[in-house]
Amino acid sequence: MALNQSTIIYGFGSYFQTGAEASDIDLLLIHEDITQASIQLAIRCKSIIRKDIPNTDITILSKEEERETNFLHQSRAVFIAQITLKNLPNLGFELTRTLAK
């Protein structure tokens, strides 16, 4: 897997917009491109998140797909983190800590 790949995590939906208690946490993972390394990193991120935070609903898009759909703007998504192979091992812990704030 290429070391320069990254996946960006955004939050959207009621958990992030209203501050009210939500039944799930909606996350968007945006990966660089449609190369195998990029897709694999996004899938690994999703697996870690689902294991550590079971009540998540996760959407994965490439940067190009996001541009075509304008998903970030339409959903009023908020930036959470940028994940690389270097910080991937701490993803579950860091994301749990971030969402608890």
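Student: Which strands does helix α5 lie across?
Tutor: Helix α5 (residues 91-99) lies across β1 (7-12), β2 and β4, and runs at about 160 degrees to β4. Angles run from 0 to 180 degrees between N-to-C directions, with axes fitted to C-alpha atoms, for helices over the stretch in contact. This is a predicted model: local features need pLDDT of at least 70, side-chain atom pairs count only at pLDDT 80 or more, and totals for chains, interfaces and linings use all residues. Residues are numbered from 1 along each chain as its sequence is written, and side-chain values use heavy atoms, without hydrogens or water.

Student: Why is α2 called oblique to α5?
Tutor: The axes of α2 (residues 36-52) and α5 come within 9 Å and cross at roughly 60 degrees. Oblique is what remains after under 35 (roughly parallel), over 145 (roughly antiparallel) and 65 to 115 (roughly perpendicular). So α2 is oblique to α5.

Student: What makes up the contact of α2 with α5?
Tutor: Contact means heavy atoms within 4.5 Å. α2 gives Cys45, Ile48, Ile49 and Asp52; α5 gives Leu91, Gly92, Phe93, Leu95 and Thr96. These divide into 6 nonpolar, 2 polar and 1 charged. Asp counts as charged and Gly as polar.

Student: Why do β3 and β4 stand at the edges?
Tutor: The open sheet of 4 strands has the order β3-β2-β1-β4, with mixed pairing. β3 (56-62) and β4 (78-83) each have a single partner strand, so one side of each lacks a neighbour in the sheet.

Student: What makes β2 and β3 a pair?
Tutor: Pairing takes at least two bridges in DSSP. β2 (residues 25-31) and β3 have 7, in the parallel sense. Leu27 has Ile58 of β3 as its bridge partner.

Terms used: Helix = DSSP H or I, 4+ residues; strand = E, 2+ residues; numbered from the N terminus.
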